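Visitor: I have a structure on screen and a few things to ask. Can we walk through it step by step?

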Amino acid sequence: MSFNNIIIFGDSYSTFPGVVPKDFHVYYTGQRTSEPDLKSAEELWWHLLMTQTNSRVLQNNSFSGSTICNMGREGDCSETSSFIARLNKLANDGFFKENDVNTVFVLGATNDSWINVPVGEVQFDNFKKEDLFNVLPGICYFFKRVKEEMPNAELVVIINTGLKPEVTEGMKEAARYYGGKIVELHDIEKIAGHPTAKGMVQIKDQILEQLGDRA
């Protein structure tokens with residue numbers, strides 16, 4: 001079985017020049033001589049997954065350094081790089097009306113955890129603007145918007161290693177609430193907090209294993 005009509009929302013782990021929208025920041029470049037850089041986009045976890053499962057990606061909406069919530073490294077990112085902002089821009093541009101998305105992969109919250117954004121608490125309604133500058137409310141709101149814009153799509157939430165425990169647990173609770181499938185990563189080879197080429201293969205393998213080996 002393959003994953004059809006996929007959109008990926010991610011951060012540095014999913015980026016490479018030429019495979020993300022123009023002007024999005026990338027981490028992997030193929031130009032550094034040492035790991036964790038990759039030789040090509042074909043070594044990214046999602047490219048490996050798509051190749052093995054013969055699946056189709058509609059868009060890789062990944063932005064290096066980005067947070068899910070609206071508080072980023074340089075402050076308010078509610079109109080620029082946050083996962084929420086990027087999803088809202090796609091909605092405003094008519095992407096979800098023009099494309100029938102079947103699967104949504106989300107691999108994020110790493111930067112939310114790393115830069116010490118206020119964690120907040122899991123919540124599922126009565127969102128205020130200020131709530132979305134906290135990690136867990138931001139994650140919950142993002143999943144809510146995913147289901148609003150793509151109600152029939154399968155949501156796959158990939159949870160990175162090394163997150164704050166409260167972020168991991170809150171993200172799992174939110175994913176379950178919104179009917180998402182959870183892939184909890186473990187023992188990924190990394191350098192400077194980023195997967196090596198081997199680590200990318202491990203991510204792909206763990207996704208297949210935890211989703212029931214749909215290859």
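Visitor: In which sense do β1 and strand β2 pair?

Guide: Keep in mind that this is a predicted model. Strand β1 and strand β2, residues 57-62, are joined over five bridges. The sense of the pairing is parallel.

Visitor: What is the hand of the β-α-β crossover from β1 to β2?

Guide: Follow the chain out of β1. It passes through helix α1, residues 45-53, and then reaches β2. This crossover is right-handed.

Visitor: How many residues of strand β1 are buried?

Guide: Take the two faces in turn. In a regular strand the side chains alternate between the two faces of the sheet. On one side of β1, Ile6, Ile8 and Gly10 are buried, and on the other Ile7 and Phe9 are buried too. Strand β1 is therefore largely enclosed by the rest of the structure, and the buried count is five of the five.

Visitor: Is isoleucine 8 buried or exposed?

Guide: Isoleucine 8 lies in strand β1. Buried means under 20% relative accessible area. Isoleucine 8 has 0% relative accessibility, so it counts as buried.

Visitor: Which residues is isoleucine 8 in contact with, leaving aside its neighbours within four places in sequence?

Guide: Some contacts lie in β2, residues 57-62. Val57, Gln59, Asn60, Asn61 and Ser62 are among the contacts of isoleucine 8.

Visitor: Where is the cis peptide bond, the one with omega of about 20°?

Guide: Look in the loop between β1 and α1, where proline 36 lies. The cis bond joins glutamate 35 and proline 36.

Visitor: What is the reach of helix α7 from its first C-alpha to its last?

Guide: Helix α7, residues 197-210, has 14 residues. At 1.5 Å a residue, the expected value is 20 Å. The reach in the model is close to that, at 20 Å.

Visitor: What covers the buried residues of α7?

Guide: First, name the buried ones. They are Gly199, Met200, Gln202, Ile203, Lys204, Gln206, Ile207 and Leu208. Their cover includes α1, β5, β6, β7 and β9.

Visitor: Which element gives the most to the lining of the largest pocket?

Guide: The largest pocket holds about 420 Å³ of space. Its lining has 24 residues, with Ser78, Ala85, Arg86, Asn88 and Lys89 nearest the centre. Two elements give two or more residues to this lining, β2 and α2. With seven residues, the element that gives the most is α2.

Visitor: Is asparagine 126 buried or exposed?

Guide: Asparagine 126 lies in the loop between α4 and α5. Its phi is positive, about 55°, although asparagine 126 is not a glycine. The cut-off for exposed is over 50%. At 63% relative accessibility, asparagine 126 therefore counts as exposed.

Visitor: What is the phi of alanine 192?

Guide: Find alanine 192 in the loop between β8 and β9. Alanine 192 is exposed, with a relative accessible area of 63%. Although alanine 192 is not a glycine, its phi is positive, at about 55°.

Conventions:
Residues numbered from 1 in each chain as written. Predicted model: local features only at pLDDT ≥ 70, side-chain atom pairs only at ≥ 80, totals over all residues. Heavy atoms only, no water. Buried < 20%, exposed > 50% of the residue type's maximum accessible area, 1.4 Å probe, protein only. Helix = DSSP H or I, 4+ residues; strand = E, 2+ residues; numbered from the N terminus. Pairing = 2+ DSSP bridges. Right-handed = clockwise from strand over helix to strand, strands pointing away. Expected span 1.5 Å × (residues − 1). Contact = heavy atoms within 4.5 Å. 1 Å grid on protein atoms, 1.4 Å probe; cavity = no way out; pocket = protein on both sides within 12 Å on 5 of 7 lines; lining within 4 Å. Points joined across faces, edges and corners; volume = space filled by probe spheres on them.
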